[in-house]
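Have the sequence and the 3D view open as you read.

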Amino acid sequence: QVQLVESGGGLVQVGGSVRLSCVASGRTFTMYAMGWFRQAPGLEREFVAAISWNGKITDYTDSVEGRFTISRDNAKNTVYLQMNSLKPEDTAVYYCAADVNPSAVGASPFDRRRYDYWGQGTQVTVSS
């Protein structure tokens, strides 16, 4: 069982920045690929960013490319999402997710079905 706890959300103005953190339980965090997703009211949960187990491979959805940065600190069992130049359309609940068997054949890292465990989410609200 893996537990994920997000933090760092809140209210931020347009153009501002916020950094989300997600701390994972378990001794094998270094083996997990991790992802961030978000869900706005009335919409489906969508992919935001993903990072490989060693941090060398990252992927982003087009709408956040160049503004958001995903990173991880395996010594702290933590994955981060640095969000800059925030826009009102970034307002959502942000979830981190863990893929505990990233070498297995299956859905792509952009697909929420890839992930085995989810955090409870943290709200980010961007005000104009």
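Is Ser85 buried, partly exposed or exposed? With a relative accessibility of 42%, Ser85 counts as partly exposed, because that class runs between the 20% limit for buried and the 50% limit for exposed. Before going further, bear in mind that this is a predicted model.

**Two residues with positive phi**

Ser85 sits in the loop between E8 and E9. Its backbone deserves a look too: phi of Ser85 is near 50°, a positive value in a residue other than glycine. Asn77 is another such case, with a positive phi of about 55° although it is not a glycine. This one belongs to the loop between E7 and E8. Those two strands make a hairpin with 4 residues between them, and Asn77 takes its positive phi there. Asn77 has a relative accessible area of 19%, so it counts as buried; the limit for that class is under 20%.

| Residue | Relative accessible area | Class |
|---|---|---|
| Asn77 | 19% | buried |
| Ser85 | 42% | partly exposed |
| Cys22 | 0% | buried |
| Cys96 | 0% | buried |

**The sheet**

Now for the strands around that hairpin. An open sheet is built from 4 strands in the order E1-E3-E8-E7, with antiparallel pairing.

Going into the pairings, strand E3 (residues 18-24) runs antiparallel to strand E8 (residues 78-83), and 6 bridges join them. Within this pair, Leu20 stands opposite Leu81 in E8. E8 also pairs with E7, again in the antiparallel sense and over 6 bridges. Here Phe68 has Met83 in E8 as its bridge partner.

Side chains in a regular strand alternate between the two faces of the sheet. Which residues of E7 make up its covered face, and which its uncovered one? Phe68, Ile70 and Arg72 are on the covered face of E7, while Thr69, Ser71 and Asp73 are on the uncovered face.

**The disulfide**

How many disulfides does a search of the whole structure find? The search turns up 1. It is formed by Cys22 and Cys96, whose sulfur atoms are 1.9 Å apart. Cys22 lies in strand E3 and Cys96 in strand E9 (residues 92-99), so the pair ties together parts that are 74 residues apart in sequence. The torsion about the S-S bond is about 45°, so this disulfide is right-handed. Both ends are tucked away from the probe: Cys22 is buried at 0% relative accessibility, and Cys96 is buried with a relative accessible area of 0%.

**The largest pocket**

Last stop: the largest pocket, which holds about 220 Å³ of space. Its lining is made up of 13 residues, and those nearest its centre are Ala33, Ile51, Ser52, Pro102 and Pro109. Sorted by class, the lining of this pocket has 9 nonpolar, 1 polar and 3 charged residues.

Key: Residues numbered from 1 in each chain as written. Predicted model: local features only at pLDDT ≥ 70, side-chain atom pairs only at ≥ 80, totals over all residues. Heavy atoms only, no water. 1 Å grid on protein atoms, 1.4 Å probe; cavity = no way out; pocket = protein on both sides within 12 Å on 5 of 7 lines; lining within 4 Å. Points joined across faces, edges and corners; volume = space filled by probe spheres on them. Nonpolar A, V, L, I, M, F, W, Y, C, P; charged D, E, K, R; others polar. Pairing = 2+ DSSP bridges. Buried < 20%, exposed > 50% of the residue type's maximum accessible area, 1.4 Å probe, protein only. Disulfide = S-S within 2.5 Å.
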